[in-house]
Amino acid sequence: MSDAEVPWSLSHREVGSRLEELRERRGLTQRAVVDLLGQRNIRTNVSSISKLENGKLKLIPSGLVEALLDVYKTESETRRYVLELLSVDTTPAGRRRRPALWRRHAALLGPMMFEPYLQLERKAARLRNHQPRLVPGLLQTPGYAQRAIETLRPELSASDVRGLVDVRMDRQQQVLGGDVSREFQALLDEEVLRRQVGDEVVRRDQLQHLLDLVEQRKVAIRVLPDSIGAHPGMAGPFVLMGFADADQDVVWCELAKRSVYFDQPEDVAYYDGVFTDLWERALSPADTHALIKKMT
């Protein structure tokens, strides 16, 4: 599976799972389904139906899915749900629309393999982010984001840095802005709050921004105190993303110049265990708020 296909693998698996469930409810074998589709002049084979149901069909023709829904005599609500999973936000040519901001900065996002993450992030109903070194991107002020990107990517031009800051601010609006309702848990190591990123004004603005987000109930933040010592989360930052239309989370780890995606159950279970353990060992929300306020 290539990185570009990652966001759609989730919906493809869910579409396949629902279609398999609908077929079995009708007591039909895959061979019988192929025959019924043939009567409708739709040519396919058992292998394709099997790949579709297992989420392994790279391109899912909407006409095939609609025909299957007809064959299975699917009720309107379920039908609508399955078709929505196909991501009907496509152009007539079948290419997915990409936000203009992503297209404008594709040369930066492409090598980082970051567009798939941005696509998943917008779809996620639940985000659990552990950051041992920096304030999470979704919680950064523009000033903090600029200084962080400049430091981590010294090879970038000033224009490229501004572009990535714009993308980051747009992410915040998409995920946290307006009436968007998502569960977002951010777990920060205490040293993140102390680390100087930019000047003192940037530092204070960033800490105040964290307090504002908590008070607005946009995010739940907990701090891991230095006193807990070494822990598995020190290996690097990661995000667990959960989806209303998928039965498991996925994990995304951002590295210096690219990002890595995990969706195998054993990998997801590992990161879920790490996050849950550290969340329980972190300061309470009240103590976290008091600590951040004390540092401002």
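Residues are numbered from 1 along each chain as its sequence is written, and side-chain values use heavy atoms, with hydrogens and water left out. Because the model is predicted, local features need pLDDT of at least 70 and side-chain atom pairs count only at pLDDT 80 or more, while totals for chains, interfaces and linings use all residues.

Let's start with Leu 210, which sits in helix α12, residues 200–215. (Helices are DSSP runs of H or I with at least four residues, strands are runs of E with at least two, and both are numbered from the N terminus.) Contact here means heavy atoms within 4.5 Å. Setting aside residues up to four places away in sequence, Leu 210 touches Val 135, Leu 139, Leu 188, Leu 193, Ile 221 and Ile 292. Gln 173 is 37 residues from Leu 210 in sequence, and their C-alpha atoms are 15 Å apart.

Thr 141 belongs to the loop between β1 (126–131) and α9 (142–152). Beyond its neighbours within four places in sequence, Thr 141 contacts Met 169, Asp 205, Gln 206 and His 209.

| Residue | Relative accessibility | Class |
|---|---|---|
| Leu 210 | 0% | buried |
| Thr 141 | 11% | buried |
| Tyr 270 | 49% | partly exposed |
| Tyr 271 | 18% | buried |

**α8 against α10**

Helix α8 (residues 115–123) and helix α10 (residues 158–176) have axes that come within 9 Å and cross at roughly 20°. (Axes are lines fitted to C-alpha atoms, for helices over the stretch in contact, with angles from 0 to 180 degrees between N-to-C directions.) So α8 counts as roughly parallel to α10, a label for angles under 35 degrees. On the α8 side the contact is made by Tyr 117, Leu 118, Glu 121 and Arg 122, and on the α10 side by Val 167, Asp 170, Arg 171, Gln 174 and Val 175.

**Aromatic rings**

Rings of Phe, Tyr and Trp (its six-membered ring) pair if their centres lie within 6.5 Å; planes under 30 degrees apart are stacked, over 60 edge-to-face and the rest tilted. That rule gives six aromatic pairs. One of them joins Tyr 270 and Tyr 271, edge-to-face at 5.2 Å centre to centre, with 85° between the planes. Both tyrosines also belong to one aromatic cluster with Phe 238 and Phe 262.

Terms used:
Buried means under 20% relative accessible area, exposed over 50%, partly exposed in between (1.4 Å probe, protein chains only). Angles under 35 degrees count as roughly parallel, over 145 as roughly antiparallel, 65 to 115 as roughly perpendicular and the rest as oblique.
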